[in-house]
Amino acid sequence: MGILILLGFQLIGEILHQIARIPLPGPVIGLFLLLLFLLWRPRALSEPLQSTSRVLFDWLGLLFVPAGVGVIANLDLLRSQWVPILVGLVGSTLISLLITAYLMPRLSRPKEDNVLRNQP
Amino acid sequence: MTVNESAGWNELIRTPVFGLTLTIASYLAGRMVQRICRGNSLANPVFIAMLLVAGCLHITGTPYQAYYESTQLLTFLLGPATIALAIPLIKNIQHVKGRLARIFLALTAGSLVSALSGIGLVLACGGSRAVAFSMAPKAVTTPIAINIAQTVGGIPSLCAALAISGGILVAISIKWVLSWAGITDVRTFGFAAGMAGSGIGAAHALAFSELSGAFGALAVGFNGLVTPLIVLTIAHIWR
């Protein structure tokens with residue numbers, strides 16, 4: 001039942017992508033629609049839907065192994081462009097981390113009990 | 001043994017039983033290594049599985065395309081997994097009641113900077129447009145990142161590897177980076193981890209506290225809505 005709901009929203013998303021020519025990928029449109037649907041009808045968040053999504057998240061890593069292996073099949077690219085890849089990866093990750101974190105506390109006032117301490 | 005010349009072998013490697021067995025076994029081995037390393041972020045099960053699968057393909061002389069076709073089922077499930085992201089999003093949205101707009105702004109700024117600096121840095125160092133557009137969506141959760149990279153002319157497999165590497169980088173560096181910046185709020189910590197490091201970042205935040213993990217999940221979900229719009233817009237402007 002849970003997977004049926006997810007597939008149904010994906011199908012609607014794909015249809016909107018193909019026919020209404022919305023440039024977003026079908027699954028992303030489906031995500032928007034399911035979110036709106038759950039905001040409209042909170043009770044639709046049924047146990048089957050929750051358990052299906054838990055299983056998918058538990059195994060999420062497995063799902064992108066086949067796509068990821070392609071990068072090793074494409075080693076020439078890594079060899080020839082490793083500098084821009086490395087600089088872009090490290091640079092953009094650290095900059096966006098700082099920007100997001102920097103904008104957050106100013107926007108929402110931290111409470112005493114939320115402060116990090118004695119963490120691993 | 002001349003496996004490559006056997007017609008039977010060539011047919012077998014195109015069937016799901018070959019690809020699924022190899023992939024699931026490699027992934028479980030990856031998880032085992034991670035457990036042995038006590039959950040160290042560097043021992044990422046996806047990376048370990050990728051290396052094991054690539055090694056097996058190399059040894060057996062299997063072309064990547066044949067393997068990819070035999071594992072279509074797994075790749076297909078990325079679609080439902082993307083849509084399922086609505087569930088943690090809706091469950092954690094209660095944490096930001098009344099501050100939703102402002103938190104969304106922080107995330108949008110982060111996403112915009114991530115995409116633009118990714119593209120800019122790749123190009124500045126002499127990288128190609130395809131590499132730049134594989135970098136642009138990498139902060140979003142991997143299933144969406146792969147899809148967006150494909151849509152805008154990036155390389156999906158490179159994007160997947162970058163998305164995972166970005167997550168690992170966040171998990172390794174966030175504590176150091178944020179304490180350097182004087183940021184100690186666990187909500188901010190979790191949110192920034194989820195924004196820049198998607199699933200891996202959010203999982204890292206969850207190891208600190210429940211609340212931190214909730215904000216991580218929230219950032220991953222919001223980013224799934226925002227980054228596709230931003231990267232598609234950039235790609236539309238720069239064809």
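What distance separates the centres of domain 1 of chain A and domain 2 of chain A, taken over C-alpha atoms?

Author: The centres of domain 1 of chain A and domain 2 of chain A, taken over C-alpha atoms, are separated by 27 Å. The model is predicted: local features need pLDDT of at least 70 and side-chain atom pairs count only at pLDDT 80 or more, while totals for chains, interfaces and linings use all residues. Residues are numbered from 1 along each chain as its sequence is written, and chains are lettered from A and ligands numbered from 1 in the order in which they are written.

In chain A, domain 1 covers residues 1-63 and domain 2 covers residues 66-108; such bounds come from an automatic or database domain assignment. Chain A contains seven helices and zero strands, where helices (H or I, at least four residues) and strands (E, at least two) are DSSP runs numbered from the N terminus. Its pattern along the sequence is accordingly written α-α-α-α-α-α-α. Of the 120 residues in chain A, 38% are buried. A residue is buried if 20 or more other C-beta atoms lie within 10 Å of its own, exposed if 12 or fewer, and partly exposed in between, with C-beta atoms placed from the backbone. Among the contacts in chain A with a separation of 6 or more, 31% join residues 24 or more positions apart; two residues are in contact if their C-beta atoms, placed from the backbone, lie within 7 Å.

Ile15(A) belongs to helix α1 (residues 2-19) and counts as partly exposed because it has 14 C-beta neighbours inside 10 Å. Its C-alpha atom is 9.8 Å from that of Ile29(A), 14 residues apart along the chain. Helix α5(A), by comparison, is largely enclosed by the rest of the structure, because seven of its eight residues are buried. The buried residues are Val65(A), Pro66(A), Ala67(A), Gly68(A), Val69(A), Gly70(A) and Val71(A).

Helix α5 (residues 65-72) of chain A also packs against chain B. Its axis and that of helix α3 (residues 45-60) of chain B come within 9 Å and cross at roughly 65°. Axes are lines fitted to C-alpha atoms, for helices over the stretch in contact, and angles run from 0 to 180 degrees between N-to-C directions. On the side of α5(A), the contact involves Val65(A), Gly68(A), Val69(A) and Ile72(A), and α3(B) contributes Val46(B), Ala49(B), Met50(B), Val53(B) and Ala54(B). These residues divide into eight nonpolar, one polar and no charged. Ala, Val, Leu, Ile, Met, Phe, Trp, Tyr, Cys and Pro count as nonpolar, Asp, Glu, Lys and Arg as charged, and the others, Gly among them, as polar.

The whole contact between the chains takes 70 residues from chain A and 92 from chain B. Helix α11 (residues 156-180) gives the most to the chain B side, with 15 residues. That side has 64 nonpolar, 24 polar and four charged residues.

Chain B is likewise assigned two domains, domain 1 (3-76) and domain 2 (83-237), with C-alpha centres 27 Å apart. Five residues of its domain 1 are in contact with five residues of its domain 2. The domain 1 side of that contact has three nonpolar, two polar and no charged residues.

The largest nonpolar core has 108 residues, and those touching the most other members are Val65(A), Val53(B), Ala86(B), Ala145(B), Cys159(B), Ala160(B) and Ala192(B). A nonpolar core is a set of buried Ala, Val, Leu, Ile, Met, Phe, Trp, Tyr and Cys residues joined through C-beta atoms within 7 Å. Helix α11(B) supplies the largest share of this core, 13 residues.

Ala192(B) lies in helix α12 (residues 186-208) of chain B and counts as buried because it has 34 C-beta neighbours inside 10 Å. Not counting residues up to four places away in sequence, Ala192(B) touches Leu97(A), Thr100(A), Ala101(A) and Met104(A), along with Ile174(B) and Leu178(B). Its C-alpha atom is 8.2 Å from that of Leu107(B), 85 residues apart along the chain. Gly190(B), also in helix α12 of chain B, counts as buried with 31 C-beta neighbours inside 10 Å. Leaving aside neighbours within four places in sequence, Gly190(B) is in contact with Ala205(B), Ser212(B), Gly213(B), Ala214(B), Phe215(B) and Gly216(B). Gly190(B) and Ala205(B) are 4.9 Å apart, C-alpha to C-alpha, and 15 residues apart in sequence.
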